[in-house]
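Here's a quick briefing to read alongside the model. Have the structure open and follow along.

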Amino acid sequence: MARSLRPDLAAIAEMIPEGARVLDVGCGDGQLLEHLKTTRQVDGHGLELSQQNVNACVARGLAVIQGDADADLHEYPSQVFDVVILSQTIQATRNPRAVLDHLLRIGRRTAVSLPNFGHWRVRLSLALNGRMPRTRALDYPWYDTPNIHLCTIADFTALAAEAGADIERALALRADGRTHPMRSDAWGPNSFAEGAIFLLKPRQPL
Amino acid sequence: MAEPATPRFLRPLAAPGAELGHAITFDAPLGLDAGRSIAPWTCAYMTYGSLNAARSNAVLVCHALTGDQFVIGRHPVTGKPGWWTSMVGPGKPIDTERFFVICANVVGGCMGSSGPAETDPRTGQPYGLDFPLVTVRDMVRAQAALLDALGIEKLLCVTGGSMGGMQVLQWAASYPDRVVSAMPIATAARHSAQNIAFHEVGRQAIMADPDWRGGRYAAEGTQPSKGLAVARMAAHITYLSEAALQRKFGRELQDRAEISFRFAPDFQVESYLHYQGSSFVDRFDANSYLYITRAMDYFDLAADYGGTLAEAFRGARTRFCIVSFTSDWLFPTPENKRIAHALNAAAATVSFVEIESDRGHDAFLLDEPELFAAARGFLNSVAQSVGA
């Protein structure tokens, strides 16, 4: 594959066991699914909002359905996927809690990557300019953005706890694209990581 | 079972030089859902490309209500190109240089397969309404018998649009082990009330034609051409979209500068429909139209599985690619999506593509590059996965 994988996707890929049955919610043009299919022989499935992206996925031979994470996840039966992936998508959902609940129900593991709105540059930007911050990863004005539910790493770990998920692994994503393990309740990453990747497991199997 | 022969056509051949395809007559009865059977019965079919040594590259194309086995090439009865030349052929998404493409005229049809216009072997007369009612499942059962006769155990892909898509779904449900992949296009797992209503209008138009003669027009030497033409005109509107009609015809007048204050066709859209109606009766049998529309009306795949569509696909290892078109109001996206969701619930491998088009239901027959890209990608990956 010619394109190099986005750093958070590469980190998620590392978490996926060989031959796993995977659902990528918000799979975009299928970059991660294709990578997982070729390198890890996964049985990959995708759900994607943009029809253009879906068509691109199908043309690449991926099993992807046009649909909306907010509306369609209830159609999926419980515990049929080994891993469900939600990469850089949770902040664009209307009801992140409901989406997370569904993911924890559908998959035995849930991998989530998200941008960290607690990064010091975001905080500083708001403090100094008094305007809603625009970052490299989230470069939209407040009134015209798909990212309607931005959160910090601490916010997300709190949500995961509330949703009854154990955090099996937590990685901080640095500005240079490198990842390193973090304690999910640590103060440092919440201020200094560009984003984070979590591998969650429902506390009580359904 | 007899060897393949040349099919017998009820209509005069407009293109006698065109390839006529094959027909196999089976002596073993074909049991039908209506509780009756037909014997002997005939299946007329065309093939394109060649079967590989492993017999792993067969693609079954299922035709729609008024289609037939002449997918590409010159049609012997109309002299026109086949109905899916955009999708099938050398270098096309369903590449006949790579795949062995089979298409059979459905049972109940009028292009060489057993149907109401064919001769009833018991009486020597055309069956007419003595032909048993057929279902989509009967059509598929007949195709399965054909494939057995051709020595083809597995299909790399079954595909088709509209009623062809219904057959695809039925294939996947009835013969999951024979179907490696399925690509139903612009279809539904059940015929909607609205669609049944439209069909009933068409049937009533045929049966109201005095020349229909209670279905015995062949024996009595008449043709319910007016009724069949009206049925076709009404149906044709449902294949298009409001936007497509508006764009193509608007309120433009036909061969005149002003409205005539008479009932002769003033508008272009009227003469277009008249043409659609009158050209249809030259190639289609009125009773076949009754039978096949009925088969579609009766189609409700979930009903055969306790009302749960997902049950029809339980344990399916078939890979699915479902396609719908935004402006198709006859088989709208939600109907197609319902199939995708049922497949998801059955944990099947499924893709679902909705294609932006303002050309209505007919879009599946037309030049739609996104459809071709999806079909090509899907077939490629399926073929790769089985080494075909």
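In this predicted model, helix α3 (residues 193-208) of chain B packs against helix α5 (residues 225-239) of chain B at an angle of about 165°, the axes being 7 Å apart. With the angle over 145°, the cut-off for the label, α3(B) and α5(B) are therefore roughly antiparallel to each other.

- The crossing of α3(B) and α5(B) is right-handed.
- From α3(B), the contact uses Phe198(B), Gly202(B), Ala205(B) and Ile206(B). Facing them in α5(B) are Gly227(B), Leu228(B), Val230(B), Ala231(B) and Thr238(B).
- Sorted by class, the α3(B) and α5(B) contact has six nonpolar residues, three polar ones and no charged ones.

**Where chain B meets chain A**
- Chain B puts 22 residues into the contact, and chain A puts in 20 residues.
- About 1600 Å² is buried between chain B and chain A, with carbon and sulfur atoms giving 52% of that area.
- On the chain B side, His341(B), Asn344(B) and Phe352(B) lose the most area to chain A, together 30% of what that side buries.
- The class tally for α3(A) with α11(B) is five nonpolar, two polar and one charged.

**Salt bridges**
- Side chains of opposite charge can pair when their charged atoms come close.
- How many salt bridges are there over all chains? The count comes to 35.
- Across the interface of chain B and chain A there is one salt bridge. Asp72(A) pairs there with Lys337(B), and their closest N and O atoms are 3.8 Å apart.
- Within chain A, Glu34(A) forms a salt bridge with Arg60(A), the closest N and O atoms being 2.5 Å apart.
- The Glu34(A) and Arg60(A) pair links distant parts of the chain, 26 residues apart. Glu34(A) sits in helix α2 (residues 31-40) of chain A, while Arg60(A) is in the loop between α3 and β3 (63-66) of chain A.

- Most residues other than glycine have a negative phi, and most peptide bonds are trans.
- Going from Ala39(B) to Pro40(B), the peptide bond is cis, with omega near -15°. You'll find Pro40(B) in the loop between β3 (37-38) and β4 (41-48) of chain B.
- Gln79(A) isn't a glycine, yet has a positive phi, near 55°. Look for Gln79(A) in the loop between α4 (69-72) and β4 (81-87) of chain A.

Conventions
Residues are numbered from 1 along each chain as its sequence is written. Chains are lettered from A and ligands numbered from 1 in the order in which they are written. This is a predicted model: local features need pLDDT of at least 70, side-chain atom pairs count only at pLDDT 80 or more; totals for chains, interfaces and linings use all residues. Side-chain values use heavy atoms; hydrogens and water are left out. Axes are lines fitted to C-alpha atoms, for helices over the stretch in contact, and angles run from 0 to 180 degrees between N-to-C directions. Helices (H or I, at least four residues) and strands (E, at least two) are DSSP runs, numbered from the N terminus. Angles under 35 degrees count as roughly parallel, over 145 as roughly antiparallel, 65 to 115 as roughly perpendicular and the rest as oblique. A crossing is left-handed if the near helix is turned anticlockwise from the far one by less than a right angle, and right-handed if clockwise. Contact means heavy atoms within 4.5 Å. Ala, Val, Leu, Ile, Met, Phe, Trp, Tyr, Cys and Pro count as nonpolar, Asp, Glu, Lys and Arg as charged, and the others, Gly among them, as polar. Buried area is the accessible area (1.4 Å probe) that two parts lose on being put together, summed over both. A salt bridge is a side-chain nitrogen of Lys or Arg within 4 Å of a carboxyl oxygen of Asp or Glu.
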